Amino acid sequence: MAKISLIVNGNPVNANVDPRTLLVQFLRENLRLTGTHVGCDTSQCGACVVHLDGKAVKSCTTLAVMADGHEIRTIEGLAADGGPLHPMQEAFREHHGLQCGFCTPGMIMTAIDIVHRMGHELSDHTIREELEGNLCRCTGYQNIVTSIAAGAKAMARSDLA
């Protein structure tokens, strides 16, 4: 077993894990943060995206021990319980950027990363290129692209971004 210490959604976490434990398993099984989904186990779909020190990573191919000493933010950590949604979450709700919702947490976490890296004015072409590692089997992507563009603009006006 390996001892790890990290910050998850602003809370300190200490745990002993098998060194082979994937970050997605640790989040879902040990911490019961089930908003991070497992879609493919091969880093192809993006349903498992979380932020590691503010950058998007696929938690299905990241070992939990690699997060030792770092900060993780999951979809559950974007908005306080009972508080307003993060602007990107609100944009996905408002512009119907989801259908079944399985890919949505990973899409939102990726979208926030795109905004942090590329700014608040994003073209549809840029958004589509940046979503290359995220798959949606329901929507056809148009409402997702619209949601991300709107969320990017809303993040510029928000303290939650």
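Select helix 2, residues 87-94, in this predicted model. Its buried residues are Pro87, Met88, Gln89, Ala91 and Phe92.

**Helix 2 against helix 5**

Two packed helices are described by the angle between their axes and the distance between the axes. For helix 2 and helix 5 the angle is about 140°, and the axes are 8 Å apart. Angles over 145 degrees would count as roughly antiparallel; helix 2 and helix 5 are therefore oblique to each other. The crossing of helix 2 past helix 5 is right-handed. To see the contact, show the side chains of Pro87, Met88, Ala91 and Phe92 in helix 2. On the helix 5 side, show Ile144, Ser147, Ile148, Ala150, Gly151, Ala152, Ala154 and Met155.

An α-helix has 3.6 residues a turn, so residues three or four places apart point the same way. Keep this in mind while looking along each helix.

Before leaving helix 2, select His96, which follows this helix. The phi of His96 is positive, near 50°. Most residues other than glycine have a negative phi.

**Helix 3 against helix 5**

Now select helix 3, residues 104-118, together with helix 5, residues 142-156. How do the axes of helix 3 and helix 5 cross? They cross at roughly 50° and come within 10 Å. Helix 3 and helix 5 are therefore oblique to each other, and helix 3 passes helix 5 in a right-handed crossing. From helix 3, Met107, Ala111, Ile112, Val115 and His116 take part in the contact. They meet Ile144, Ile148, Ala152 and Met155 in helix 5.

Hide the helices and select the strands. Five strands make an open sheet in the order 2-1-5-3-4, with mixed pairing. Which strands stand at the edges? They are strand 2 (11-17) and strand 4 (55-58). Each has a single partner strand, so one side of each is left without a neighbour in the sheet. From one strand to the next, the twist averages 40°.

Strands of a sheet pair through backbone hydrogen bonds, either parallel or antiparallel. Select strand 3 (residues 49-52) and strand 5 (residues 71-73), an antiparallel pair joined by two bridges.

Move on to strand 1 (residues 2-8) and strand 2, which pair in the antiparallel sense over seven bridges. Ile7 has Pro12 in strand 2 as its bridge partner. Strand 1 and strand 2 form a hairpin, with two residues between them. Select Asn9 in the turn: its phi is positive, about 55°.

**Loop residues**

Go to Thr21, in the loop between strand 2 and helix 1 (23-30). Is Thr21 buried or exposed? Its relative accessible area is 15%, and buried means under 20%, so Thr21 is buried. The side chain of Thr21 reaches the backbone oxygen of Asp18 at 2.9 Å. Leaving aside residues up to four places away in sequence, Thr21 touches Phe26, Leu63 and Ala64.

Next, select Arg32 in the loop between helix 1 and strand 3. Arg32 is not a glycine, although it has a positive phi of about 60°. With 62% relative accessibility, Arg32 counts as exposed, the cut-off being over 50%.

Asp53 lies in the loop between strand 3 and strand 4. The phi of Asp53 is also positive, near 50°. Asp53 is partly exposed, with a relative accessible area of 44%.

The last stop is Met66, in the loop between strand 4 and strand 5. How far is the C-alpha atom of Met66 from that of Pro19? The two atoms are separated by 9.3 Å, while the residues are 47 places apart along the chain. Met66 counts as partly exposed, at 46% relative accessibility.

Definitions and conventions:
Residues numbered from 1 in each chain as written. Predicted model: local features only at pLDDT ≥ 70, side-chain atom pairs only at ≥ 80, totals over all residues. Heavy atoms only, no water. Pairing = 2+ DSSP bridges. Helix = DSSP H or I, 4+ residues; strand = E, 2+ residues; numbered from the N terminus. Axes fitted to C-alpha atoms, helices over the stretch in contact; angles between N-to-C directions. Contact = heavy atoms within 4.5 Å. Buried < 20%, exposed > 50% of the residue type's maximum accessible area, 1.4 Å probe, protein only. Polar contact = N/O pair within 3.5 Å; in protein donor to acceptor, adjacent residues only side chain to side chain. Parallel < 35°, antiparallel > 145°, perpendicular 65-115°, else oblique. Left-handed = near helix turned anticlockwise from the far one by under 90°.
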